[in-house]
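Hi,

Here is the structure I promised to pass on. Have a look at it first, and then read my notes below.

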Amino acid sequence: MKALVKRRAEPGLWLEEIPEPQIGINDVLIRVDRTGVCGTDLHIHAWDAWAQRTIPVPLVVGHEFVGEVVALGTNVHDFQVGDVVSGEGHVVCGHCRNCMAGRRHLCAHTAGIGVNRPGAFAEFIALPQANVWHHDHGIDRDVAAIFDPLGNAVHTALSFKVLAEDVLITGAGPIGCMAAAVARHAGARHVVVTDINPWRLDLARRLGATRVVDARHESLDAVQKELGMREGFDVGLEMSGNGTAFRDLVANMCHGGKIALLGIPSGQIEIDWTSVIFNMLTIKGIYGRRIFETWYQMSVMLRNGLDIAPVITHRLPFQEYEEAFRLMTSGETGKIVLHWR
Ligand code: NAD
Ligand code: ZN
């Protein structure tokens with residue numbers, strides 16, 4: 001089969017012909033139809049410090065995908081050939097305390113597809129049946145391909161109650177933009193999104209942000225006044241990984257405000273901890289998705305009118321993966337979906 005392989009410990013990805021994966025008795029073999037390109041893939045392509053200490057070479061990369069079941073292990077009874085499925089990219093150990101308690105998203109020994117084990121940028125991927133999600137009829141295929149990052153957005157945006165609340169999202173990357181759509185869908189009042197990239201702010205507006213803020217030129221304090229807000233944001237979603245954005249967010253929360261942190265900083269970040277203490281803020285780290293509660297929520301919201309399709313700004317055949325990475329580094333993309341068939 002054809003696959004995008006991190007073949008050598010240096011920048012680049014290589015389109016290669018490699019053997020199809022074998023399945024064990026509990027596995028499902030999936031023919032990949034479409035894949036989403038993630039910032040993680042960009043890090044692996046660029047071979048930055050994180051990638052160098054994380055990625056075993058050689059490795060098939062990629063973790064956002066949709067495809068069709070083509071073969072089943074003898075122990076698999078809940079799926080059928082032809083089912084349209086995606087995969088939860090975190091393969092958990094099944095034995096740690098959290099796994100045993102059913103809190104699989106908190107597994108202490110999780111392995112990521114396309115990061116620690118073979119990924120989805122290939123014509124086929126084999127996954128344990130416990131990681132396979134059967135899509136509802138009528139879910140758009142390109143949207144199905146990005147359930148993984150949509151899940152990050154949903155997991156973060158629904159970590160705290162947003163109904164009737166004022167929500168501040170820092171970072172209008174694809175995930176911040178999708179989180180804006182989710183917060184609106186879930187009944188938030190103001191959904192304010194900040195970025196330093198006007199193109200991305202425009203995308204956030206298209207996804208349903210009620211006010212976008214170029215953090216280079218506008219202060220959140222002034223925006224609060226303009227909106228008639230007096231006590232700060234009720235819920236903050238950090239989705240940039242940027243220290244200045246995080247400090248701005250902390251400074252603009254109401255007393256008792258709730259902050260969910262998804263953005264991954266490249267180093268340590270200093271914040272004003274006295275605001276956290278005196279304003280009694282709650283800060284919660286978010287990793288991945290709830291397995292499979294977030295998947296259920298995504299499916300239900302999409303059927304109930306949540307529209308995140310505008311976040312997909314580019315569709316390319318998989319052979320043009322280098323162009324996809326080039327476009328992503330321009331900063332003028334939402335999600336890019338690669339078509340494999
Ligand atoms: P992205 O890099 O496309 O988006 C980040 C955005 O933040 C960019 O648009 C950038 O311009 C903006 N930004 C930079 N400085 C800013 C500032 N000072 N103020 C406001 N915005 C600023 O990333 P993405 O794919 O949308 O993902 C969002 C974040 O979530 C990334 O940090 C990513 O690494 C992280 N992530 C975490 C998980 C997890 O499980 N915790 C999963 C996926 C992604
Ligand atoms: Zn575990």
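A word on domains before anything else: their bounds come from an automatic or database domain assignment. For this chain, that assignment gives domain 1 (2-145 + 307-339) and domain 2 (153-285). Keep in mind that this is a predicted model, where local features need pLDDT of at least 70, side-chain atom pairs count only at pLDDT 80 or more, and totals for chains, interfaces and linings use all residues. Residues are numbered from 1 along each chain as its sequence is written, chains are lettered from A and ligands numbered from 1 in the order in which they are written, and side-chain values use heavy atoms, with hydrogens and water left out.

Now, the two domains. Their C-alpha centres lie 29 Å apart. Eleven residues from domain 1 and ten residues from domain 2 make the contact (heavy atoms within 4.5 Å). Between them the domains bury about 890 Å², 73% of it on carbon and sulfur atoms; buried area here is the accessible area (1.4 Å probe) that two parts lose on being put together, summed over both. On the domain 1 side, Ile 308, Val 311 and Glu 332 lose the most area to domain 2, together 41% of what that side buries.

How many salt bridges cross this interface? The rule (a side-chain nitrogen of Lys or Arg within 4 Å of a carboxyl oxygen of Asp or Glu) finds zero.

A backbone N or O atom of Ile 286 lies 2.8 Å from one of its nitrogen atoms. The side chain of Asn 242 has an N or O atom 3.1 Å from a nitrogen atom of ligand 1, and a polar backbone atom of Pro 174 is 3.2 Å from a ligand oxygen.

Cheers

Technical notes
A polar contact is a pair of N or O atoms within 3.5 Å; within protein, one must be able to donate a hydrogen and the other to accept it, and residues adjacent in sequence count only if both atoms are side-chain atoms.
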